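Here are a few notes to read with the model open beside you. Take them one at a time and find each residue as you go.

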Amino acid sequence: MSFPIVVWILTALAAVAIVLTRLRLRGEAAAGRFSISSRVPLTHFVAGVVALVLWLGVLVAPEDSFIGGPFVGILAIAFWWVTAICGLLILMRWLPAKGRHAPAAAGDSWSDGPGLSLLAHLGMVVGVLVFTYAYLTAAV
């Protein structure tokens, strides 16, 4: 499989992770051990949508155009990193808690534990590393 195809597949998976995270965390009773600020998922969603739009522009626009140029490319990578970091912060709600008064993990209808969040957000970090490498080496 060629590297540009991998980048396109990871772009689609990143879009799914952004949307599903927004859907999963939109309520007050999100799964996890701890509650997180509502600003983190919102920042994750907004930065993810901006990154996705800019990144798609970089992938499809000619290199000599403004959208295919270096400024938009660097901006897209920066927004991807903001999205990935927010995703890791979202994962923090699953950190184990010790002690007598530690809260129990709350479940939801999506999964019984942090598996889906781990898959999506650690996958997002790997995807962003691939996007960064692909952009820096001009592979896409």
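Which residue lies over the face of Phe45? That's Arg22, at 5.2 Å from the ring centre.

1. Some ground rules before going on. This is a predicted model, where local features need pLDDT of at least 70, side-chain atom pairs count only at pLDDT 80 or more, and totals for chains, interfaces and linings use all residues. Residues are numbered from 1 along each chain as its sequence is written, and side-chain values use heavy atoms, with hydrogens and water left out.

2. Now look at Val7, which sits in helix 1 (residues 3–24). Helices are DSSP runs (H or I, at least four residues), numbered from the N terminus. Val7 has 0% relative accessibility, so it counts as buried (under 20% relative accessible area; exposed is over 50%, partly exposed in between, with a 1.4 Å probe and protein chains only). Beyond its neighbours within four places in sequence, Val7 is in contact (heavy atoms within 4.5 Å) with residues including Trp55 and Phe131.

3. Rings of Phe, Tyr and Trp (its six-membered ring) pair if their centres lie within 6.5 Å; planes under 30 degrees apart count as stacked, over 60 as edge-to-face and the rest as tilted.

4. The whole structure has four aromatic pairs. In one of them, Phe3 and Tyr133 have ring centres 5.8 Å apart and planes at 90°, so they're edge-to-face. Phe3 is in helix 1 and Tyr133 in helix 4 (residues 115–136), so this pair ties together parts 130 residues apart in sequence. Phe3 is partly exposed at 29%, while Tyr133, at 52%, counts as exposed.

Note on methods: Helix = DSSP H or I, 4+ residues; strand = E, 2+ residues; numbered from the N terminus. Lys NZ or Arg CZ within 6 Å of the ring centre and 35° of its normal.
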